[in-house]
Amino acid sequence: MTTCWFVGLTTLDVIHRAASPRRNQKVTASSQEIAAGGPAANAAVTAAALGARAVLISAVGASPQAEIARRDLAAHDVTLVDVDPGFVLPISAVLIDDQTGERSVVSPDAALQAAPRPSTAALNALPPPDAVMFDGHHPEIARGVLAHLDGLHPRPLVVLDAGRWRPVFSELIPAADVVAASADFRVPAPAALGGPGEAGQASPTARVTTGEPATAWVTTNGAGPVRWRSVDPGADTSADAGVATTRGIGAAMAGATTGASGEVRPPAVVARDTLGAGDAFHGALVAALAAGDTLAAAVERAVAVASTRVQHAGPRGWLAALPDTSDLGV
């Protein structure tokens, strides 16, 4: 069984399904559910459902809402490493549009309270990971785990969930093997120092001041095609080329000896609930890469999982409808 660590945010999601209200209007919900949320937590639940050993390193605490989130995570076979027993878990208010399945979220994320680094003893006690995903929340937790990974041999695969820019990404992007970014993700100036395309746009050739870019990028675009690109380990590293020396999976993951790229088109489905669709994609991507899939194959699996997620209402019921993963090897 492969082991995947997920580093970042946990919330408690209070989810209502209803017609989208107009301004200053009250509406009656057709359903209400409560579940653990957050990019890292949802990705961990997905990976566990796919058969991986999923470890969530986060700040949860012992508040009443934290106890609900803990029970949900345990029920879905996620091992929780809580770095701060005194943390007050944030609560997210979620509205799912009954007609379109689109979600609206109001959440403090990790902005109300800083979480500390995990202890060395806590990390040493965990099973060594085959892959680690960071979501960019809780910067000190990320820094602590990243320092721990640098001492592991072999160093595990590092995947970054880059939905929107966070300052800690200037440290995480150079350390990542795969950056899975949304289509509107941008590296702001002065962090982006060059590369072809729109100024400030994240791309496989975007540089960050503190180091080189990841060896592979995946770009999601809602229901649109998911594009992936890996960088040739033997690529020109000159300033004109704008591509740094790769370290990690690179083109080998794409099943090629030179840089490779491709796209996967999601199937046409009726979306009933888009909450956590990106998190499901990332959890499946990490699980597949940890199990040895090529980048192209891992993206295909992740697209299938995310497509399954959006077809089912509710935060957890969709897990029973996951596509067959008997050959995933986890």
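A: Happy to. Buried here means under 20% relative accessible area, exposed means over 50%, and partly exposed lies in between, with a 1.4 Å probe and protein chains only. This is a predicted model: local features need pLDDT of at least 70, side-chain atom pairs count only at pLDDT 80 or more, and totals for chains, interfaces and linings use all residues. Residues are numbered from 1 along each chain as its sequence is written, and side-chain values use heavy atoms, leaving out hydrogens and water.

Q: Thanks! So is aspartate 293 buried or exposed?

A: Aspartate 293 counts as buried, because its relative accessibility is 15%. Its side chain meets that of arginine 301 in a salt bridge, 2.6 Å from N to O. A salt bridge here is a side-chain nitrogen of Lys or Arg within 4 Å of a carboxyl oxygen of Asp or Glu. Arginine 301 is partly exposed, at 23%.

Q: How many salt bridges are there by that rule?

A: The count comes to 14. Arg117, Glu140, Arg143 and Glu171 are linked in a network of them.

Q: What does aspartate 177 pair with?

A: Aspartate 177 forms a salt bridge with arginine 155, with the closest N and O atoms 3.6 Å apart. The pair links distant parts of the chain, 22 residues apart: aspartate 177 is in the loop between helix H5 (169-175) and strand E10 (178-182), and arginine 155 is in the loop between helix H4 (139-149) and strand E9 (157-162). Those labels are DSSP runs numbered from the N terminus, helices being H or I with at least four residues and strands E with at least two. Aspartate 177 is buried at 3%, while arginine 155 is partly exposed at 26%.

Q: And which residue meets glutamate 263?

A: Arginine 227, in a salt bridge of 3.3 Å, N to O. This pair also links distant parts of the chain: glutamate 263 is in strand E13 (residues 260-264) and arginine 227 in strand E12 (residues 226-230), 36 residues apart. Glutamate 263 is partly exposed at 35%, and so is arginine 227 at 43%.

Q: Switching to helices: why call H7 largely enclosed?

A: Because 13 of its 14 residues are buried, H7 is largely enclosed by the rest of the structure. H7 covers residues 277-290 and should span 20 Å; its end C-alpha atoms are 20 Å apart, which agrees. The expected span is 1.5 Å times one less than the number of residues. Just after H7, glycine 292 takes a positive phi of about 105°.

Q: What about H8's burial?

A: H8 is mostly covered, with 12 of its 16 residues buried. Among them are Leu295, Val299, Val303 and Val310.

Q: Which residues touch the most other members of the largest nonpolar core?

A: Phe6, Val218, Leu285 and Val299, out of 53 residues. H7 gives the largest share of this core, 9 residues. Such a core is a set of buried Ala, Val, Leu, Ile, Met, Phe, Trp, Tyr and Cys residues joined through side-chain atoms within 4.5 Å. Another core lies apart from it, with 33 residues, including Val7 and Leu172.

Q: What is valine 299 in contact with?

A: Leaving aside neighbours within four places in sequence, valine 299 is in contact with Val218, Val226, Trp228, Val264, Phe281 and Leu285. Contact means heavy atoms within 4.5 Å.
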